[in-house]
Amino acid sequence: MVNYQRDFLRLEPPGYQKALKDFAVLELLEKLAQMNESNLIPEELESLAALLIKQLINNLDFEVISTYLHGIRQGESAVIADSLVRSRMLPIPVDSPAFFLDATTPRFPFGSVVSWLPIDEPELTDWGVVIGRYYGYAPESGNWKWCYLLLLDPDSPSARWCVVDTAWETDLEKFEDE
């Protein structure tokens, strides 16, 4: 296994060495080398690291970055670092079944009549029939969960301007008609 601290850095100028250390590129290369089961050569490991960095760049959410920057400015960098780890900044590929492993069974079957959990004014709470669902990533909670497609009841408050809406499972309850 290649030790990038010892083998690779001795060939590079000091400024380059410092940049690789400061931006955790060496740590990434060493981690990839440790995970490497097919004994990739250093050039292959470097190409793989470059691809991973490009994937990160292409998937950056600037609203999330802005939130983290604000936290850093407020002196909460430890909380930010923990949040980055939990939020999985690199999304799981769509063709991977890995994100379904933690999926719970959906609470509401198709045809169920559900309502949003009331917030302030229960008489303004919408309700409808479950006509679809998907397992999606909820950025506000930082995890995957069920999202339902609801056909609003014609008597629901929002039915005047909206026919179909979506809601996360955690925002819904079984509708109890009074």
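Modeller: Start with a definition. Partly exposed means a relative accessible area between the buried limit, under 20%, and the exposed limit, over 50%. Note also that this is a predicted model.

Biologist: Is A159 buried, exposed or partly exposed, and what is its relative accessible area?

Modeller: A159 is partly exposed, because its relative accessible area is 21%. The residue sits in the loop between β3 and β4.

Biologist: Which residues does A159 touch, leaving out those up to four places away in sequence?

Modeller: A159 touches L152, D153 and P154.

Biologist: Where does V163 lie, and how do I class it?

Modeller: V163 is in that loop too, between β3 (143-152) and β4 (164-168). Exposed means over 50%. V163 has a relative accessible area of 56%, so it is exposed.

Biologist: Which residues make the nonpolar surface patch?

Modeller: I131, L149, L151, V163 and V164 make it, and the patch covers about 390 Å². Two of these residues also face each other in the strands: L151 has V164 in β4 as its bridge partner.

Biologist: How many bridges join β3 to β4, and in which sense do they run?

Modeller: Five bridges join them, and the strands run antiparallel.

Biologist: How do β2 and β3 pair?

Modeller: Strand β2 (residues 127-138) pairs with β3 in the antiparallel sense, over ten bridges. G128 stands opposite L152 in β3.

Definitions and conventions. Residues are numbered from 1 along each chain as its sequence is written. This is a predicted model: local features need pLDDT of at least 70, side-chain atom pairs count only at pLDDT 80 or more; totals for chains, interfaces and linings use all residues. Side-chain values use heavy atoms; hydrogens and water are left out. Patches are made of residues with over 30% relative accessible area and no salt bridge: like charges are joined within 9 Å, nonpolar side chains (Val, Leu, Ile, Met, Phe, Trp, Tyr) within 5 Å. Accessible areas come from the Shrake-Rupley method with a 1.4 Å probe; for residues, only the protein chains shown count as cover. A salt bridge is a side-chain nitrogen of Lys or Arg within 4 Å of a carboxyl oxygen of Asp or Glu. Helices (H or I, at least four residues) and strands (E, at least two) are DSSP runs, numbered from the N terminus. Buried means under 20% relative accessible area, exposed over 50%, partly exposed in between (1.4 Å probe, protein chains only). Contact means heavy atoms within 4.5 Å. Two strands pair if DSSP finds at least two bridges between them.
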